[in-house]
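Here are my notes on the model. Please read them with the structure open.

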Amino acid sequence: MLINTELFKYFEKDKEDNFVNVDIDIFEKLDSWFKNGEIKNSKHKAFTFAYYWLISYFWKYGKYGQHLLTIKDIKKILGYSPIDKRLDYIVKENGLLDSKGYTELSRDFPVYSFFSEQGLELIMTTDLDPSYKRGATNKYSGNYSVKKPLKMINRTYKEGLMTSNDDSFKLYIYEFTRIVLTDGLGVDGFYVYAWLKWKSKMICKSKFPVYYSELIEATNFSDKKLRKILQLLEKVNLIKIHNKTLFNKENQNFSTKNSYELLYKPRIWRIEYSEVI
């Protein structure tokens, strides 16, 4: 199993317990768009989920201050060709995510984030001193824009996902890089793993039973693909599968219920304000 070191450069200085809160309603939304034909196939559904998680991460941790990230970079990170236009209906201006109120184009975005006594704070391009902007060779001027992850900022009748809530679950950058940048897993593996974390959140257990047929229905992946993903997730030490009857080639009974255990435990960092201000 190989990590893509070229793409890891975007995250190599990040603390492994950096995370994004994910709305527990996200899978219901994605399934609805998929069933309505607004998302064309299961791979595009997985891409949509990973794309939204990633731009939320970039926003929360001010990654645009480190890299002038474009949609081509994001496609490449997520395992697609930078010039692949088949996904543009999801991410373009007035595309699917814009029309659903999940994203909007913005020329004002975070270039730096830090923790203070008030919590996480963001330095936006509009906060930068004009002389700094000029000295940065117009890095943040002109037509450069990013997609703002609106659910991070505000949700209807709820707090935005910048704050941890009872109706959200965490996905860590360690989990993302371990899955998405590992050969054979990519955004499909990230989607399966995220769904397992969602299931864990819903029943409040790190070890829990799931019918194999439920996983098939939730992901819309083929039996062959799902088996491979689960095996690889176990191989990279993110899950442990108990009662592995589903891997018996003679077993065609999708009513099998296996237990899945989530293994990743984030390290707890003690943040000194002097380090981040």
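What share of the residues in the chain is buried?

1. Buried residues make up 49% of the 277 residues. Buried means under 20% relative accessible area, with a 1.4 Å probe and protein chains only. This is a predicted model: local features need pLDDT of at least 70, side-chain atom pairs count only at pLDDT 80 or more, and totals for chains, interfaces and linings use all residues. Numbering starts from 1 along each chain as its sequence is written, and side-chain values use heavy atoms, leaving out hydrogens and water.

2. The chain has 13 helices and eleven strands. These are DSSP runs, numbered from the N terminus: helices are H or I with at least four residues, strands E with at least two.

3. Look at strand S1, residues 19–23. Five of its five residues are buried, so S1 is largely enclosed by the rest of the structure. Phe-19, Asn-21 and Asp-23 cover one side. Val-20 and Val-22 are buried on the other.

4. S1 pairs with strand S8 (residues 168–172) in the antiparallel sense, over five bridges. Pairing requires at least two DSSP bridges between the strands. Asn-21 stands opposite Lys-170 in S8.

5. Now helices H11 (residues 212–219) and H12 (residues 223–235). Their axes, lines fitted to C-alpha atoms over the stretch in contact, come within 11 Å and cross at roughly 105°. H11 and H12 are therefore roughly perpendicular, the term for angles of 65 to 115 degrees. H11 makes the contact (heavy atoms within 4.5 Å) through Tyr-212, Leu-215, Ile-216 and Thr-219. H12 contributes Asp-223, Leu-226, Arg-227 and Leu-230.

Conventions:
Buried < 20%, exposed > 50% of the residue type's maximum accessible area, 1.4 Å probe, protein only. Axes fitted to C-alpha atoms, helices over the stretch in contact; angles between N-to-C directions. Parallel < 35°, antiparallel > 145°, perpendicular 65-115°, else oblique.
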